[in-house]
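Okay, thanks everyone. Let's have this one up on the screen, and then I'll walk you through a few spots.

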Amino acid sequence: MAARKKTTGKSQKRTISWWQPLLLGSLAVLLVIGGFLWGTRATDRAISFGGLPTVPPPGTNPTVAPTELATPPPATAPPVTEIVTIAPTAPPTPETNPPTTALPSTPPIYDPIFPPPTLPPGLAQPSPGARVLVPSLGEGVVIYQGKTGLNQVALTFDSGWLFEPTAALLQVLAEYHVQATFFTRGGWVDAQPELTRMIKEGGHEIGNHSYTHESQPSLSDEDMRWELRRTRDALGQVVGETQSYYRPPYGEYNDRDVALAGEEGYRFTVMWSVDSIDWMEPGEEVILQRVGYNLQDGGIALMHVGVWQTPNILPQVITTLRERGLEPVPLSHILDWSLFTPVEIVVVPGDTWESIARAYNIDLRGLLELNGILVAR
Ligand SMILES: [Zn+2]
């Protein structure tokens, strides 16, 4: 104990040399000068940013510099955002050499049942090595109209609870050789399987109008997914397919709904350019005026299943549209797939237009149009 104390005392005595107070003094002077300089520069920085507080206000991204915030986003998306390629020299491993590059690495969370694609006769399959544009998977967009310049319009019919005039409506559409688009509530499909089958047999397209017709923005993510999936299952059981269209009940949607529908395979949240408000039974002349005369090139008309005034006036609506040079077509004919982020993939042996369309959740017509192989007309 005593020996240790002695040693320590000796050691302390040894380390305190004449130059140590001088060194400590110099360090103190340097700290004072450094602190002064730092303070000056910090003040300069604050002044150059207009005296902004160092803590960003809520909602701002602290990592984004003010100049970046002021830069507007590019007007047009780059033509290619992602290239899926297989290097020919790469060793074949399951990760880098799947059976086909057209198959997405991340499949859609839930795969809707699409109508079986039919290839136009005489069209060659894409050759291995060719590059094909596909729409980015899982994306959702909202549309109020289709492509213009084609002199085509889409007649859409929502079904809620009423059903009685459906057969009459289908009869008019058949007589006038019109293929339309129906948005059926899943509960309606379950209650009216025979009418649902008649819609399909009439060559019409069928989209998703939720299951319960609840206003979807008020639902949780889980509940909205359930609505879409339950209706998809109902349609799958009755007619074996559904289109990638979602019509929100009451036309009420938010960004979450559009994105969630896209994730569920319902890429297009379909609104309308003309509302017939036929469910209020405004009078047949009013419906004729609203749809027959007001609908424009590329327009989408909202009508309903379940109102007698609609099939009663539909012959005149169709005739008026045709007199105005507008042809009613299914929605798929006027959809603009270039609204989605384009992704370029490389074709490998075994890929077909059909397999690519299915893998990327796009209808065949859309895929061929996106690649300039089929020109919309
Ligand atoms: Zn509805």
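Helices here are DSSP runs of H or I, at least four residues, strands are runs of E, at least two, and both are numbered from the N terminus. A quick word on the source: residues are numbered from 1 along each chain as its sequence is written. And this is a predicted model, where local features need pLDDT of at least 70, side-chain atom pairs count only at pLDDT 80 or more, and totals for chains, interfaces and linings use all residues.

Back to Ser-210: its phi is near 70°, a positive value in a residue other than glycine. Is Ser-210 buried or exposed? Ser-210 has 26 C-beta neighbours inside 10 Å, so it counts as buried. The cut-offs: buried is 20 or more other C-beta atoms within 10 Å of a residue's own, exposed is 12 or fewer, partly exposed is in between, and C-beta atoms are placed from the backbone.

Glu-281 also has a positive phi, about 50°, and is not a glycine. You'll find Glu-281 in the loop between strand 9 (274–275) and helix 9 (284–293). With 13 other C-beta atoms within 10 Å, Glu-281 is partly exposed.

Now the helix pair. Helix 7 (residues 221–238) packs on helix 8 (residues 255–263) at about 50°, axes 10 Å apart. Axes are lines fitted to C-alpha atoms over the stretch in contact, and angles run from 0 to 180 degrees between N-to-C directions. Helix 7 and helix 8 are therefore oblique to each other; under 35 degrees would be roughly parallel, over 145 roughly antiparallel, 65 to 115 roughly perpendicular, and the rest is oblique. Who makes the contact, meaning C-beta atoms, placed from the backbone, within 7 Å? From helix 7 it's Asp-221, Met-224, Arg-225 and Leu-228, and from helix 8 it's Asp-257, Leu-260 and Ala-261.

Last stop, the core. The largest nonpolar core has 70 residues, and Val-291, Ala-301, Val-317, Ile-356 and Leu-367 touch the most other members. By nonpolar core I mean buried Ala, Val, Leu, Ile, Met, Phe, Trp, Tyr and Cys residues joined through C-beta atoms within 7 Å. Leaving out residues up to four places away in sequence, Val-291 touches Val-274, Ser-276, Ala-301, Met-303 and Val-317.

Zooming out, the protein has 12 helices and 12 strands, and 35% of its 377 residues count as buried.

Methods: Contact = placed C-beta atoms within 7 Å.
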